[in-house]
Amino acid sequence: YDRLQEVLIAGGFEPFVEKACQPYYAPKMGAPSVPPGRYFRMHMVGYFEGIASQRGIAWRCSDSRSLGEFLGYRPTEETPDHSSLTRVRDRLPVSVHTAVFQFVLRVADEKGLLKGKTVGVDATTLEADAAMKSRPGTRQNRLPGARRRDTGEDWQEYVRRLMQEAGQIEPGDEPSAEEIARFDRQRKDKKVSNQEWQSETDPDSRIAKMKDGRTHLAYKAEHVVDLQSDLILAAEIRPTTHGDTQTLVDSVLKAEENLQAIGAETSIEEVVADKGYHAAQMLELCDSLDLRTYSPEPK
């Protein structure tokens, strides 16, 4: 982290992020906010330490004196909590985060680390910060979930209607949460689709099957990596309904766009992907863009 601090200071990181974030900070209002440089450094800590949540990042920074020093805090000062990170993140648009992302690539390019000719593309599903099923409770503390597009019912109301149609309850009856859950577990047809359901709090998320077998509202995260340096050239978030063969070229073009934005002399020539990306249409499109592809053909 000391070496990283030297690189950031030498590259003019502080003035850069201050200028990029200035339009989104009030000149003076209420308690002091988290300075942009510290906000982005905390997310660097999350990346290097493998911490996915803001709550985890905040705890790690508060627990380590060396990380507190990296953020610019004295031992007697408290580091920001997760709610402060959330407020800054909600304030700053994607364009600012993209500018900081490109700043890092520019520094790497100046140090001769960026090669960029051969890239690897892969994707995974990320759980959305939204519940599929609403949590029972009062109107004030109930956790909103997905709702049916046709009727507007949430999961509890939907299962309650199925119980009534199955003759388990009479119209006007109010079954307990345990009775609803028991009926839901035992019924056979439990398929859900994005054509029928949409999240009440995160309408852009989509229903997807996670790697552990659970069904959850999620997003597809696809990254493009320079295979020689392991530098991430693009990190795109897409709906889970977009297949790998549909998004590979878009992600590679985004990586190329980032390289052009920093004035890199290199350009992407080869793309490596797993068999999930193999499709004749995708290969032909890459060929038309002078991209050589390496993708195993599925059996």
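In the predicted model, Tyr1, Tyr47 and Phe48 make up a nonpolar surface patch of about 350 Å². Tyr47 belongs to helix 3, which spans residues 36-49, and is exposed, with a relative accessible area of 55%. The three residues of the patch also take part, together with Phe70, in one aromatic cluster.

In total, the structure holds 9 aromatic pairs. Among them, Tyr39 and Phe40 form an edge-to-face pair, with 4.9 Å from centre to centre and 75° between the planes; Tyr39 is buried at 1% relative accessibility, and Phe40 is likewise buried, with a relative accessible area of 7%. The ring centres of Tyr158 and Trp197 are 5.2 Å apart and the planes stand at 85°, so this pair is edge-to-face. Because Tyr158 lies in helix 8 (residues 155-165) and Trp197 in strand 3 (residues 197-199), the pair ties together parts that are 39 residues apart in sequence. Tyr158 counts as buried at 13% relative accessibility, and Trp197 is buried as well, with a relative accessible area of 2%.

When residues up to four places away in sequence are not counted, Ser251 touches Glu222, Val224, Ala234, Glu236 and Arg238.

Notes
Residues are numbered from 1 along each chain as its sequence is written. This is a predicted model: local features need pLDDT of at least 70, side-chain atom pairs count only at pLDDT 80 or more; totals for chains, interfaces and linings use all residues. Side-chain values use heavy atoms; hydrogens and water are left out. Patches are made of residues with over 30% relative accessible area and no salt bridge: like charges are joined within 9 Å, nonpolar side chains (Val, Leu, Ile, Met, Phe, Trp, Tyr) within 5 Å. Accessible areas come from the Shrake-Rupley method with a 1.4 Å probe; for residues, only the protein chains shown count as cover. A salt bridge is a side-chain nitrogen of Lys or Arg within 4 Å of a carboxyl oxygen of Asp or Glu. Helices (H or I, at least four residues) and strands (E, at least two) are DSSP runs, numbered from the N terminus. Buried means under 20% relative accessible area, exposed over 50%, partly exposed in between (1.4 Å probe, protein chains only). Contact means heavy atoms within 4.5 Å. Rings of Phe, Tyr and Trp (its six-membered ring) pair if their centres lie within 6.5 Å; planes under 30 degrees apart count as stacked, over 60 as edge-to-face and the rest as tilted.
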